[in-house]
Amino acid sequence: MNITQSKEGTKLTIGLEGRLDTTTAPQLETELKSALDGVTELVFEIKDLAYISSAGLRVLLSAQKVMNKQGSMVIRGASEEVMEIFDVTGFVDILTIES
Amino acid sequence: MQTEDIFIRRTYRKFLTPTIMALLGTTFSSFGNTLLAGNFLGKEVLAAMNILSSFTFLYAMLGCLISAGAATRSSIAIGRQDYETAGKYERFSLVLSLVIPIAISIPCLIFFDGLFAMLGGNADAYRIGADYGRLVIAFGFLNTFMYFPFNFLRLIGKGRYGMYSFGAMGILDVVLVYTFLRLDMGATGVALGYIISMLVANAAGLFFLIRKNNLYKMKRPDNDELLKMTVSIAAFGGAAGLNNLCKMIRTVMLNLLVSKYLGQSGLQSLAVGCSIINLASASVTGFAQAVSPIIGVLFGERDRKGQRQALNISLFYSTIFHVLLATLIFVFSTPIVQAFGISGADHIAETVLLVRLVGISFIPASMMNIFIYYYTAIGENRNAMLLTFMHAFVLVVAFTAVHLSFDRSNWYGIAFITAELFDFVVMFIYSRIRIKTDPNLQGILLEHKDYAEKFFSTVSDGTEDGAVETSGRVVAFCEDNGVSPALCMKLPLVVEELLVVLARHCFEKKDSKIDLRISLVREEVLIRMRCEGATFNPVEWYIRQKSTLSPEDFMMDESFGMNVVEKLVHDVKYTSTFGVNNLIVTMGGKTAKK
């Protein structure tokens, strides 16, 4: 999985490309641990994310919990398939998802 | 690179040794009894015991018919996760295994003298063997009952307990018979040794079966089910039971033919040959009996590829073993024959000839038995019974009769070989006829054409990395086979989640394997995963975690992966089959959840 980061002030945009699965989720988790310091607006661009498993969902949820305390988090560009996963797992009610 | 059939191969090997050792224990009893009786009581007793072996085959036939049939039916029920039906068949089999042989023993005892004469026994044989015969008949129900724990212990993956029980029986029997013969108890002592050892083995087998069955419970069938179950047992056990019935009748007919053309010395040689056949039946049928429940479960799961793999593995191991066995028999035939008390250079030479021909016949015989049990396991019972009837009785007797009418020597033993080879011709012809009557079947294996259109089979290495790698291969499989984009996303996801859960909870070692098979029929998906390691039910675990954790904690827990699976599939079922963890998942098609 490719993870790209771009920061504008306290806004951090993370792009995810590929698969967010059991083996790649720890990689994202590690990057987020250090990257979220001082961030008040977190955006995940996931239009190139083809696949997400429960491991990836847990990392997003973990990030959401952090951002609930220090700002906001938005997920953008989810594909139809990834959106369905968010939908059936109830994550649409927890995450802020923009088309 | 792991072969796709590694799970079937390992399960088969797990079944094979206990099956053969348990069978060997029972056949060693018979072999040892004949050997000891011949040595202590003289070769005259061999003819009497061979005549009375018809009764032994009768009770064995009942045992096979009832318990092999019920266990096969149960194995198919287990493959469909129908444990209630499996429990009902087990309970019914237990009752039938006691009631029917006892009901048959009573008239046999009443009319014993007439029956003995009808089977070809003369006054001398009656004098030697009558008491032995009456005891064998009176306690014949023990012979029938043996098959009950033997078959059902294998089904629940506890075949080694059958091996302990019936393997020990062989040793105990020989020890007791030797002791009783040393105490001058004669043929009665032989019968008593046999009966006591069977009683102990049956008690042990039943004890283990009741204590070790964690898969399902025995259940009393409803009265209105009894007739249907009896018919089903007879159908599925028909071939196995018919095998013993045919052996019984074959023994009678061969005794009559050989007695007529070759006299007493021919009968004595035949008794030795039959003892070798009986001893070797442990392996000649053992390889087939070991694979039968596996094929039954795979058939219940509609895993055509797995069925074929199981059959091929069994044929491979069996052929290698029986080539070795035939070679050993060939090399050591003279001391074997002498050990039975056969004396005189000519008599020994004639008997050696027969024994060698019999030994060679084990190679095609074991292969034919595997096909017979295969057809039984997939419900092609008529085919199985026809092949059994031909190879166990008709062809052997016919070829023997023809040979003896032209050549009065023990070369008639070649009939045991030609009968098996000719039965393959019968198998080919029958399959052609069967396909004409049901075009949905194909090939000599009579496989259903409407099984999976697309099939994926692999072995994951039981690690999280392996789970993800396997999921990636499932993506490729979906793309290569034009699966819809929606299913292309969900199917690999379900596979990853389940493989990860199994990897984390079943294995301490890194080299454990998870067998994965995916069948696609149009857009309906059947996923089957099997793994060894610790017994772990992910469905129960998920339900437990969901009910005990707060919603927030649950979403962060590893069991949340099962929640993802639950939302995407129609059904997830867990079983412990053959002592391994077994997951069956259905998804896609019209039954898919949204």
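Helices (H or I, at least four residues) and strands (E, at least two) are DSSP runs, numbered from the N terminus. This is a predicted model, where local features need pLDDT of at least 70, side-chain atom pairs count only at pLDDT 80 or more, and totals for chains, interfaces and linings use all residues. Residues are numbered from 1 along each chain as its sequence is written, while chains are lettered from A and ligands numbered from 1 in the order in which they are written.

View 1. Chain B carries 21 helices and 7 strands. Its C-alpha trace spans about 85 × 45 × 45 Å along the principal axes. The radius of gyration, taken over C-alpha atoms, is set against a globule rule of 2.2 Å times the number of residues to the power 0.38. For 594 residues a compact globule would come out near 25 Å, and chain B has 26 Å, which agrees. Of those 594 residues, 57% count as buried (20 or more other C-beta atoms within 10 Å of the residue's own; 12 or fewer is exposed, in between is partly exposed, with C-beta atoms placed from the backbone).

**View 2. Where chain B meets chain A.** Here, 20 residues of chain B and 11 residues of chain A make the contact (C-beta atoms, placed from the backbone, within 7 Å). On the chain B side, the elements giving two or more residues are α17 (464-480), α18 (485-506), α20 (551-556) and α21 (560-568). The largest share, 7 residues, belongs to α18(B). By residue class, that side of chain B has 12 nonpolar, 3 polar and 5 charged (nonpolar is Ala, Val, Leu, Ile, Met, Phe, Trp, Tyr, Cys and Pro; charged is Asp, Glu, Lys and Arg; the others, Gly among them, are polar).

**View 3. Chain A as a whole.** Walk along chain A from the N terminus and the elements read β-β-α-β-α-β-α-β. The radius of gyration of chain A is 12 Å, close to the 13 Å that the globule rule gives for 99 residues, so chain A is as compact as a globular protein of that length. Its C-alpha trace spans about 30 × 25 × 20 Å along the principal axes, and 35% of the 99 residues are buried. Take the contacts in chain A between residues at least 6 apart in sequence, and 70% of them join residues at least 24 apart.

**View 4. The sheet of chain A.** Five strands make an open, mixed sheet in the order β1-β2-β3-β4-β5 (strands pair if DSSP finds at least two bridges between them). At the edges stand β1 and β5 (97-98) of chain A, each with a single partner strand, so one side of each has no neighbour in the sheet. Further in, β3(A) and β4(A) (residues 72-76) run parallel, joined by 5 bridges, with F44(A) opposite I75(A) in β4(A).

**View 5. The hairpin of chain A.** Strands β1 (residues 2-8) and β2 (residues 11-20) of chain A run antiparallel, with 7 bridges between them. K7(A) faces L12(A) across this pair. The hairpin has 2 residues between its strands, and G9(A) in the turn shows a positive phi of about 70°.

View 6. The parallel strands β2(A) and β3(A) (residues 41-52) share 9 bridges, and I14(A) has F44(A) as its bridge partner.

Note on methods:
Contact = placed C-beta atoms within 7 Å.
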